[in-house]
Amino acid sequence: LSSTSLGVLERRLQSSGQFFRPNRSYIINLSYVAEFEVFSNIIKMENAEIISLSRRKAKQFIHIANPKTEDQAWPDLSW
C-alpha cells in the first residue's frame, strides 16, 4: 500500500526498462509476463493474473516484447 500515485512510480521505475504500464491501473514487471494475446490485447502474468493492455499502449508493448517487429508495418486494427 502506498500513497504515491502510479504516475510517480512509473517515472521512478522508467529508467530500469524492466517495468511497463499497460493501462491506467497497473505497472507490471516484464520479467513475469507469461503470455501475450495479440488480438485480444491481454497480458497473462506468471501468477495467472490477466491484465488488459490499452489500445494506446499496444504498439509500445509489442515493440518491447519483440523488438524485431520494429521494421514491420503495424496493422490497422481499429473497429
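**Loops, core and a ring cluster**

Everything described comes from a predicted model, in which local features need pLDDT of at least 70, side-chain atom pairs count only at pLDDT 80 or more, and totals for chains, interfaces and linings use all residues. Residues are numbered from 1 along each chain as its sequence is written, and side-chain values use heavy atoms, with hydrogens and water left out.

Back to Ala-48: its phi is near 75°, a positive value in a residue other than glycine. With a relative accessibility of 64%, Ala-48 counts as exposed, where exposed means over 50% relative accessible area, buried means under 20%, and partly exposed is in between (1.4 Å probe, protein chains only). Asn-41 also has a positive phi, near 55°, and is not a glycine either. This residue belongs to the loop between β3 (33-37) and β4, but Asn-41 counts as buried, at 15% relative accessibility.

The protein chain as a whole has two helices and five strands, arranged along the sequence as α-β-β-β-β-β-α. Of its 79 residues, 18% are buried.

Some contacts across the sequence are worth a look. Ala-48 and Glu-35 are 13 residues apart along the chain, and their C-alpha atoms are separated by 9.8 Å. Glu-35 also pairs up with Met-45 in this kind of comparison: 10 residues apart in sequence, 6.8 Å apart in space, C-alpha to C-alpha. Met-45 itself is in strand β4 and, at 10% relative accessibility, counts as buried. Elsewhere, Leu-6 of helix α1 is partly exposed, with a relative accessible area of 26%. Its C-alpha atom is separated by 8.8 Å from that of Arg-21, 15 residues apart along the chain.

Met-45 is also part of the largest nonpolar core, which has eight residues: Phe-20, Ile-28, Ile-43, Met-45, Ile-51, Leu-53, Ala-58 and Phe-61. A nonpolar core is a set of buried Ala, Val, Leu, Ile, Met, Phe, Trp, Tyr and Cys residues joined through side-chain atoms within 4.5 Å. Two or more residues of this core come from each of β4 (42-45) and α2 (55-65).

Next come the aromatic rings, and the structure holds two aromatic pairs. Rings of Phe, Tyr and Trp (its six-membered ring) pair if their centres lie within 6.5 Å, with planes under 30 degrees apart called stacked, over 60 edge-to-face and the rest tilted. The Phe-20 and Phe-61 rings have centres 5.3 Å apart and planes at 50°, so this pair is tilted. The pair ties together distant parts of the chain, with Phe-20 in strand β1 and Phe-61 in helix α2, 41 residues apart. Both partners are tucked away: Phe-20 counts as buried at 4% relative accessibility, and Phe-61 is buried with a relative accessible area of 3%. Ring pairs join Phe-20, Phe-36 and Phe-61 into a cluster. Phe-20 has a charged neighbour too, as the charged end of Lys-57 sits over its ring, 5.7 Å from the centre; to count, NZ of Lys or CZ of Arg must be within 6 Å of the ring centre and within 35 degrees of the ring normal.

Phe-20 and Lys-57 meet again in the lining of the second largest pocket, along with Glu-10, Leu-13, Gln-14, Gly-17, Phe-19, Arg-21, Ile-27, Leu-30, Gln-60 and Ile-64. A pocket is an open set of points on a 1 Å grid over the protein atoms alone, with a 1.4 Å probe and protein on both sides within 12 Å along at least five of seven lines; lining residues have an atom within 4 Å of a point. Two or more lining residues come from each of α1 (6-13), β1 (19-23) and α2. The lining splits into six nonpolar, three polar and three charged residues, with Ala, Val, Leu, Ile, Met, Phe, Trp, Tyr, Cys and Pro taken as nonpolar, Asp, Glu, Lys and Arg as charged, and the others, Gly among them, as polar.

Key:
Helix = DSSP H or I, 4+ residues; strand = E, 2+ residues; numbered from the N terminus.
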